[in-house]
Amino acid sequence: MQYSYKKTLLIIVLTCWGFFGNAQKKEILKHVEPPFWWSGMVNQELQLLIHGENIADFKVSIDYSGVTVTKVNKVENPNYLFIDITISDTVQPGQFSIDFSNGNKKISYKYELRPRAKRITEGQAINGSDVIYLITPDRFANGDPSNDSTEDTIEKVNRKDENGRHGGDLKGILDHFDYIKDLGVTTLWLNPFLENDQPAYSYHGYGISDYYKTDSRLGSNNDFMALVDKSHKNGMKVIMDQVFNHCGSGHWWMNDLPSKDWLNQWETFTRSNFNNITSSDPHASTSDFNLLTKGWFDTNLPDLNLENTYLETYMIQNSIWWVEYAALDGIRMDTYAYPNQGVMTRWMQALTNEYPNFFMVAETWAERASYLSYWNNEKANRNGYVSNVNSVSDYPLYYSIIKAFGEDGDIHELYETLAEDFIYGNPNNNKVFNGNHDVDRLLALLGENVDKLKLSMAFVLTTRGIPQIYYGDEILMKNKRPDGRVREDFPGGWKDDTRNAFTKTGRTAKENEVFDYMKTLLNWRKNAVSVHKGKLTHYKPLDNIYVYFRHTGTENTMVIINNSHQDYKTFDLSRFKESLQGYSKGIDILTGNKMNALNTVSLSKNTAMIVELSK
């Protein structure tokens with residue numbers, strides 16, 4: 001596929017959505033992005049991307065009190081302008097005209113400044129008190145069959161194709177909101193829901209073709225707003241999955257790029273080496289580094305060149321636009337290690353400037369803590385780079401979880417990995433997980449051993465960090481990759497499904513066992529201050545039994561994970577007396593069993609105890 005090359009900064013995209021009063025405007029103006037903005041933003045600078053036939057031949061003016069055109073930028077493609085405007089802190093919300101003139105040709109475009117809404121959640125919206133529930137929207141539930149295939153998108157629904165569109169949508173998530181709430185999670189993270197207008201394999205959401213539009217097969221921007229609003233009214237939060245590294249080949253600008261350097265271009269198609277190590281390796285060759293950061297994920301995922309300052313501004317503004325528009329509580333940034341590091345730091349700073357302590361978690365796929373610490377630090381790395389990101393995806397701990405609870409696994413893996421926390425800036429902000437959309441299902445990796453899955457859940461939900469679980473693991477989904485299989489349909493999300501696992505009667509006995517186990521743990525965790533804020537103190541595992549405490553000055557929780565195949569009728573607690581000091585009794589929140597003394601406990605093989613201690 002050949003692409004024409006042109007360029008953009010903060011794209012004012014005008015997609016003929018009835019913005020024009022006559023045919024001439026439709027012929028000339030095609031996109032204006034961002035589609036609107038807000039008064040009262042901390043950063044008073046805004047850059048609009050204007051796309052239209054020979055729009056660079058036009059002069060630009062704005063006559064509105066408090067709004068000033070500071071610069072009109074032309075790029076190599078005459079079909080683009082990037083307009084820098086300043087919005088004073090005294091400006092009144094409302095509409096104003098952006099006037100374009102070229103001789104006797106005149107166009108007036110109405111642009112809107114909206115008043116900022118008060119955010120429902122302030123401060124760091126996502127923290128250790130939360131549990132994130134990850135959903136692939138196309139595969140969760142089909143709430144509106146009428147939008148399974150839409151006229152404005154190429155790929156049509158085909159549920160028989162594991163890599164195809166299955167019809168899940170935002171309404172499906174809304175329809176089953178009570179199931180999610182009842183489970184006990186506090187935060188929703190959706191794989192990208194923006195338009196992916198690709199011929200095939202578009203369901204996953206990572207090939208975005210319009211950064212301001214919800215995919216019509218998933219619903220509308222209003223549907224997403226409704227989901228955020230319902231979440232907030234129910235005391236829950238929402239994280240948006242954003243992608244800066246690449247777009248989809250179906251993006252509208254691929255037919256008319258602002259400039260050749262809008263993308264990372266190669267003489268022939270060149271794939272990324274996906275070797276995240278090179279981003280932090282002080283000895284990495286330039287060629288390896290360039291392959292990581294400039295190589296393409298796939299032929300249908302053009303690699304964006306964020307070293308183009310107009311594109312950098314466009315992407316950062318888009319991120320801010322969604323936070324303000326949808327009152328987001330957090331962002332998960334896909335492939336954080338791939339784009340230009342300086343740009344990603346400036347993105348973080350721009351978001352923090354507008355929303356202090358806003359939660360941003362970086363996808364940083366690194367198998368060792370030493371690699372991951374490059375992105376989670378409190379001071380400059382040896383090369384002078386400071387990440388500033390406030391949360392990272394804890395893959396080192398993930399791999400240790402799979403090893404520890406796998407067949408003949410040793411729980412010492414967890415102990416050793418957590419002992420490396422000294423290398424991080426703040427390990428308590430790490431996102432910890434035992435599954436996601438990019439790996440085999442948890443149950444499959446644990447040899448379909450349900451007891452081990454429960455142990456992994458007990459650990460993830462009580463160790464340090466911000467836990468995340470993947471939809472369907474609570475009902476024992478067990479597929480292995482390819483990706484389309486691990487992102488499988490939730491049973492009961494479609495009207496013709498033979499069973500409905502959203503209900504107790506639709507689940508098997510084993511599925512209900514795990515669902516109830518997690519429900520008990522998750523709903524207890526909502527008020528477990530010791531787990532939210534407490535220090536982690538752990539003891540060297542012996543005989544495949546791991547004991548640790550989460551404790552504040554007033555709260556204390558003891559966790560015992562028996563990862564062995566042996567029962568212990570009288571497991572001695574004397575080795576842990578320094579952590580038990582001042583406490584005389586407790587209750588196991590998983591069973592409800594009371595402990596009137598803290599001398600010994602009875603441990604069954606492959607089980608966990610989570611004991612809320614009291615004096």
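Across which strands does H6 lie? In this predicted model, helix H6 lies across E1, strand E3 (45-52), E5 and E6, and runs at about 110° to E3. These strands belong to an open sheet of four, with the order E1-E3-E6-E5 and antiparallel pairing. At its edges are strand E1 (29-33) and strand E5 (67-74), each of which pairs on one side only. On average, and with direction ignored, neighbouring strands of the sheet are turned by 25° against each other. The partner of E5 is strand E6 (residues 80-87), joined to E5 by seven bridges in an antiparallel arrangement. Val72 has Ile83 as its bridge partner in E6.

Strand E9 runs parallel to strand E10 (residues 187-190), and four bridges join the two. Here Tyr133 has Leu188 of E10 as its bridge partner. Strand E9 is also joined to strand E18 (residues 466-470), by three bridges and again in parallel. In that pairing, Ile132 stands opposite Gln468 of E18.

Two packed helices are described by the angle between their axes and the distance between the axes. For helix H9 (residues 395-405) and helix H12 (residues 450-460), the axes come within 10 Å and cross at roughly 145°. The crossing of H9 with H12 is right-handed. On the H9 side the contact is made by Leu397, Ile401 and Phe405, and on the H12 side by Lys452, Leu455, Ser456, Phe459 and Val460. Sorted by class, the contact comprises six nonpolar residues, one polar and one charged.

Most residues other than glycine have a negative phi, and most peptide bonds are trans. A cis peptide bond, with omega about 0°, joins Glu33 and Pro34. Pro34 falls in the loop between E1 and strand E2 (37-38). The bond from Arg481 to Pro482 is likewise cis, with omega near 25°, and Pro482 lies in the loop between E18 and helix H13 (483-486).

Phe274 has a phi of about 55° and is placed in the loop between strand E13 (237-243) and helix H5 (286-294). Why does Phe274 count as partly exposed? Its relative accessibility is 37%, and partly exposed residues are those between the 20% limit for buried and the 50% limit for exposed. Asp543 has a positive phi near 55°, in the loop between strand E19 (535-542) and strand E20 (545-551). Asp543 counts as exposed because its relative accessibility is 58%, and exposed means over 50%.

Note on methods. Residues numbered from 1 in each chain as written. Predicted model: local features only at pLDDT ≥ 70, side-chain atom pairs only at ≥ 80, totals over all residues. Heavy atoms only, no water. Axes fitted to C-alpha atoms, helices over the stretch in contact; angles between N-to-C directions. Left-handed = near helix turned anticlockwise from the far one by under 90°. Contact = heavy atoms within 4.5 Å. Nonpolar A, V, L, I, M, F, W, Y, C, P; charged D, E, K, R; others polar. Pairing = 2+ DSSP bridges. Buried < 20%, exposed > 50% of the residue type's maximum accessible area, 1.4 Å probe, protein only.
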